[in-house]
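Subject: Structure for you to look at

Hello,

Here is the structure I said I would pass on. My notes follow below it.

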Amino acid sequence: RLANAVTPLWRLPYQEQLRVKYESQRKILQTLASRLEELGIDAQKPGGLCCPLQPVVPSPIINGYRNKSTFSVNRGPDGNPKTVGLYVGTGRERNIVCVKANHVENIPSKHKQVAQCYEEFICHSPLDSCILFHKGGHWRELVVRTTRCGHTMAVITFHPQQLGQEALATQKALLKEFFTSGPGAACALTSLYFQESTMTRCSHEQSPYQLLHGAPHIFEELLGLRFRISPDAFFQVNTAGAEVLYQAVGELCQAAGDTVLLDICCGTGTIGLSLAHQVSKVIGVEVVEKAIEDAEWNAAFNGISNCEFHSGKAEAVLPQLLASWEDARPLVAVVNPSRAGLHYRVVRAIRNCRAIRRLLYISCKPEGEAMRNFLELCCPPDPRKKLAGEPFAPVLAIPFDMFPHTVHCELVLLFTR
C-alpha cells in the first residue's frame, strides 16, 4: 500500500512509465489550449495542444535518486507509536498509519538507514512521540539530505511542549551521543541538526536550526560547480536529473553574451550559476534567506562574479526591480516556483516589463496553480488588473522525469512574445 501511494508506477517497466507521463503532460497542454480558447486566444495546435510537446526526457538514475527524504513519526501498523516512515491512509477515514519505507524504490539506502537509527533512538527514549500537538509528546519528523560528495545531513524536529532548557539540553546531548558514538554512528552523519517547533512547518527565522554535530552545510557538485546546501534550502530532489534539466534550460534560453538572466525562485542559485558563463549577468530572487546566503557563497566559491542575489518574497522584490528597468541588454526570465505557483504581482511585473521577450516556466505541478500563471501570462491586456504588457504565447513544452516511479514530471514550458 505504501509503495502504491508513494510510487504508484513502481510496477511498470521504465519505458512504460515515460509513456504514462507523456500522456498526462499531453492532457495538461490540451487543457491549457482549451482555457486559452475561452479567453479568445487561438491556441489550438496539432493534437489540440497549445504548443508542440517533446518526448519525456528520462532520468539518468531510476532507483534511489532522491537526495532529500522527509520521514514522519506516528503509529505503525503494529501499533508502535514511534514508527519512523511514511503515511498510508487518510484523515477523513481515520485509517492513517506510518509505514517503514525500507522497500520504497525512490529512497536511497542511506536515508533508510538514518530513519531506522532515528526510530531505534526514540524507541529507547522515555519521551513520547508527538502524534497530536495538543495531546503532548515530543519526537517528530526527520529530514535526511545526501549528496554525491558522500555527505549526509539529518534534521530532527522536536516539539518542546513544557520542557525547560535543562531538559532540552539533555535530549540534545543524548541525540548527539547516539549519532556520534552510539549505534547511530554507523550513519556517518556530516551534519546533525535539531529544530524545536510548535508548528507543523516553520522556517529558520521562526525557529532556528540548531547544529548539534558536524558541519553547518553539506556540499554537492553539479555541472562542474560546487554548491553549499543549508538545512532548509531548496535543491532539486534528483541531482543527476537536475543536470540534464539545467543544460536544456541553458539551450532554451538562447542567451547571447550580452543577455541578462532573471532567475526567479532561485533557491541556492543552481540554475543561474550554472548558466552564468553564457550570459553577461544573473539576477536571482529567493524568499528563503539562508538559501540566498548559500547562493552568494556558491558564486564566490566558484569564482563567479556576474551574479547578484536578492532575498525576499518575489512579489515584493520583483516589481521594484523591473519597474525601473532601463538596461538595454536582452532580458530572459526563468521561473521555478513551488507548487503554489507565482504570486499575481510577479506575473504582472513580468508582463509589464517590455524587455522580457522570453520566459521559461519550470513546474513540478503544471496542472495546479501553475495553470493559473500560464493563463495570466497569455491573457489579453486588462487595465482593471493593471496588466498592460503584451501577452506571451507558449511555443514549446519539454517534460523531464525528475521523479521516476511517481506520476509527477517537471515540465519546462517556453513562452515568447
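Where the two domains meet, 10 residues of domain 1 are in contact with 9 residues of domain 2. Keep in mind that this is a predicted model. The domain assignment puts 14-60 + 238-416 in domain 1 and 68-221 in domain 2, and their centres, taken over C-alpha atoms, are 33 Å apart.

Between them the two domains bury about 660 Å², with 55% of that on carbon and sulfur atoms. On the domain 1 side, Thr239, Lys290 and His405 account for 49% of the area buried against domain 2, more than any other three residues.

Polar links across the boundary come to 1 salt bridge and 2 residue pairs in polar contact, counting pairs with both residues at pLDDT 80 or more. On the side of domain 1 that touches domain 2, two elements give two or more residues: helix H5 (239-253) and helix H7 (289-301). H7 gives the most, with 4 residues. By class, that side has 3 nonpolar, 3 polar and 4 charged residues. Separately, the side chains of Glu243 and Arg148 form a salt bridge, at 3.2 Å from N to O.

I also looked at His217, which lies in the loop between strand E7 (210-214) and strand E8 (218-222). His217 counts as buried because its relative accessibility is 16%. Its side chain makes a polar contact of 3.4 Å with that of Arg228. Beyond its neighbours within four places in sequence, His217 is in contact with Met153, Ser191, Arg228, Ile229, Ser230 and Asp294.

Regards

Key:
Residues are numbered from 1 along each chain as its sequence is written. This is a predicted model: local features need pLDDT of at least 70, side-chain atom pairs count only at pLDDT 80 or more; totals for chains, interfaces and linings use all residues. Side-chain values use heavy atoms; hydrogens and water are left out. Buried means under 20% relative accessible area, exposed over 50%, partly exposed in between (1.4 Å probe, protein chains only). A polar contact is a pair of N or O atoms within 3.5 Å; within protein, one must be able to donate a hydrogen and the other to accept it, and residues adjacent in sequence count only if both atoms are side-chain atoms. Contact means heavy atoms within 4.5 Å. Domain bounds come from an automatic or database domain assignment. Buried area is the accessible area (1.4 Å probe) that two parts lose on being put together, summed over both. A salt bridge is a side-chain nitrogen of Lys or Arg within 4 Å of a carboxyl oxygen of Asp or Glu. Ala, Val, Leu, Ile, Met, Phe, Trp, Tyr, Cys and Pro count as nonpolar, Asp, Glu, Lys and Arg as charged, and the others, Gly among them, as polar.
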